Amino acid sequence: PPQLTLAPACQPELTLVSACHPEMTLSSGSAQLTLDPARQPEETPVPKLVELTLEPVHCRPELLDACADLINEQWPRSRASRLHSLGQSSDAFPLCLMLLSPRPTPEAAPIVVGHARLSRVLDRPQSLLVETVVVARALRGRGFGRRLMEGLEAFARARGFRRLHLTTHDQLHFYAHLGYQLGEPVQGLVFTSRRLPATLLNAFPRAPFPRSPCKVTPSLTAQAAPRVPKGSSLLPPPPLPEPPTTLPPPPAGPPPQSLLETQYQDLRGRPIFWMEKDI
């Protein structure tokens, strides 16, 4: 039977036309995939640390969506809820800060590199609580986290605050390298208002169940008090019990804290470390 033979030299060149890869060309004769270097897409340059700026979210409302996407990439949440939370940022605290990279082109918007939130602390007027610290995944491990924290410290110090508090699950060594030490839990204020005096905020009890003042409850059945004859004295009180020969051991204190174990837990029962730093 006759055979059909294709000469390699006569085989036409096969070109892949694609809107995503117009530079790809496949030659069937050589069975090689060649890429045109002149038509390769350029990679986004890594921002320079010295060019980064720290700005409040409420001063750049056009970047709210980008900031919400950055945070939701780390902690998924409803977009509407995230935007509402960011929209509460104000100079009166809580205050959300963005670490921004300059515009890659004059027409483009700045790139949101990182985010952190600052809140006032109950009964500690010179302290701030740092929350929701995040850096873009593609830029982690390059010093942007340190730059963000250093910017937070300078921002807080310029406004008269002297101590920062934060919590972490697995970034102990990162914060320890920045000078943070293990501390005690504090209560962050969800909102503050200039209309509320400090005396009102300080009136909130520290204990979850404060003791109520004792009240004398009248007896249901009235009883006459026994009469004491004139000239007679009351019986002396019984003697106090003798102290024990051996004192009981002192109550055990809280377990020791280290960078490996903690006595605190979050609402999900996961170990959580409270840290603080004087700025």
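Mentor: A residue counts as buried when its relative accessible area is under 20%. Keep in mind that the model is predicted. By that cut-off, seven of the seven residues of strand β5 (residues 95–101) are buried, so β5 is largely enclosed by the rest of the structure.

In a regular strand the side chains alternate between the two faces of the sheet. In β5, one set, made up of L95, L97, L99 and S101, points one way. C96, M98 and L100 point the other way, and the residues of both sets are buried.

Next, the pairing partners. Strand β4 (residues 53–56) pairs with β5 in the antiparallel sense, over four bridges. In this pairing P56 stands opposite L97 of β5. Strand β6 (residues 111–121) also pairs with β5 in the antiparallel sense, here over seven bridges.

For the helices, a separate description applies. Two packed helices are described by the angle between their axes and the distance between the axes. For helix α1 (residues 64–74) and helix α2 (residues 79–87), the angle is about 115° and the axes are 10 Å apart. The crossing of α1 past α2 is right-handed. On the α1 side the contact is made by L64, D65, C67, A68, D69, I71 and N72, and on the α2 side by R79, R82, L83 and L86. Sorted by class, this contact has six nonpolar, four charged and one polar residue.

Terms used. Residues are numbered from 1 along each chain as its sequence is written. This is a predicted model: local features need pLDDT of at least 70, side-chain atom pairs count only at pLDDT 80 or more; totals for chains, interfaces and linings use all residues. Side-chain values use heavy atoms; hydrogens and water are left out. Axes are lines fitted to C-alpha atoms, for helices over the stretch in contact, and angles run from 0 to 180 degrees between N-to-C directions. Helices (H or I, at least four residues) and strands (E, at least two) are DSSP runs, numbered from the N terminus. A crossing is left-handed if the near helix is turned anticlockwise from the far one by less than a right angle, and right-handed if clockwise. Contact means heavy atoms within 4.5 Å. Ala, Val, Leu, Ile, Met, Phe, Trp, Tyr, Cys and Pro count as nonpolar, Asp, Glu, Lys and Arg as charged, and the others, Gly among them, as polar. Buried means under 20% relative accessible area, exposed over 50%, partly exposed in between (1.4 Å probe, protein chains only). Two strands pair if DSSP finds at least two bridges between them.
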